[in-house]
Amino acid sequence: PAVVRVETGSKSPQSRERGGLDSGIVISPDGLVLTNSHVVGTSKQIRLRDHEGIVTDARVLGVDPDTDLALLRADGARDLHYASLGNSKSLRRGQLVVAIGNPLGFESTVTAGVVSALGRSIRSANGRTIEDVIQTDAALNSGGPLVSSAAEVIGINTAIIMGAQGICFAVASNTAQFVLSEIIRHGY
């Protein structure tokens, strides 16, 4: 229930901005939401839809293209379902994980897989290297959570490699925790 659909862009036919449908994860009851920087992009209008269909506007607190993470705040929302960030350093290869999200607008998609590798590096959209990335075969890349068998968010799904079926990546929760604390403290 902590996974939300992130709707970006304008739905107006007069707008030149293309909207998108992706995912995020509520990480606090007062409406902090983690998603990908590439999901938010330069959108001025962001709306969140929860599992009950309730829609709320959100504002961007900060983005970090270097780690492909963005932190949003749901406006006027309180007591939301939320998930805890776990310790990604406790992961082991072969551990079972679940990826949850709304890829391409397909609501409530869930895939399961195993942690294939830890400590990978991939290039972000701006060319910088994202370190300590989790590789999995739980094929989902929509800003939603990668969840451990202990029901803790241990990553934020970020990318797949086109043509390489079944190889997906997630930004580690420890990296996400550091980035969100910097955004909260400094705004960037």
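**Helix pair**

I started with Arg185, which forms a salt bridge with Glu182, the closest N and O atoms being 3.3 Å apart. I took a salt bridge as a side-chain nitrogen of Lys or Arg within 4 Å of a carboxyl oxygen of Asp or Glu. Both residues sit in helix H2 (residues 173–186), 3 residues apart, about one turn of the helix. Helices (H or I, at least four residues) and strands (E, at least two) are DSSP runs, numbered from the N terminus. Next I looked up accessibility. I used buried for under 20% relative accessible area, exposed for over 50%, and partly exposed for in between (1.4 Å probe, protein chains only). Arg185 counts as exposed because its relative accessibility is 58%. Glu182 counts as partly exposed, at 23%.

**Ground rules**

I note that this is a predicted model: local features need pLDDT of at least 70, side-chain atom pairs count only at pLDDT 80 or more, and totals for chains, interfaces and linings use all residues. Residues are numbered from 1 along each chain as its sequence is written, and side-chain values use heavy atoms, with hydrogens and water left out.

**Salt bridges elsewhere**

My count came to 8 salt bridges. I then turned to Glu7. It forms a salt bridge with Arg5, with the closest N and O atoms 2.4 Å apart. Arg49 also forms a salt bridge with Glu7, at 3.3 Å between the closest N and O atoms. This second pair links distant parts of the chain: Arg49 is in strand E4 (residues 46–49), Glu7 in strand E1 (residues 3–8), 42 residues apart. Glu7 is buried, with a relative accessible area of 6%. Arg5 is buried as well. Arg49 is partly exposed, at 27% relative accessibility.

Asp64 is found in strand E5 (residues 55–64). I listed its contacts (heavy atoms within 4.5 Å). Asp64 touches Ser37, Leu69 and Val179, not counting residues up to four places away in sequence.

**Barrel**

I traced 6 strands that close into a barrel in the order E1-E2-E3-E6-E5-E4, with antiparallel pairing. The twist averages 40° from one strand to the next. Two strands pair if DSSP finds at least two bridges between them. Strand E3 (residues 32–35) and strand E6 (residues 69–74) pair over 4 bridges. Thr35 stands opposite Ala70 in E6. H2 lies across E3, E5 and E6, running at about 55° to E6. Axes are lines fitted to C-alpha atoms, for helices over the stretch in contact, and angles run from 0 to 180 degrees between N-to-C directions.

**Cores**

I defined a nonpolar core as a set of buried Ala, Val, Leu, Ile, Met, Phe, Trp, Tyr and Cys residues joined through side-chain atoms within 4.5 Å. The largest has 20 residues; Ile25, Ile27, Leu34, Leu69, Leu71 and Ile156 touch the most other members. Elements that each supply at least two residues include E3, E6 and strand E9 (129–136). H2 gives the largest share of this core, 4 residues. Apart from it lies another core, of 12 residues, among them Val39, Ala58, Leu72 and Ala74.
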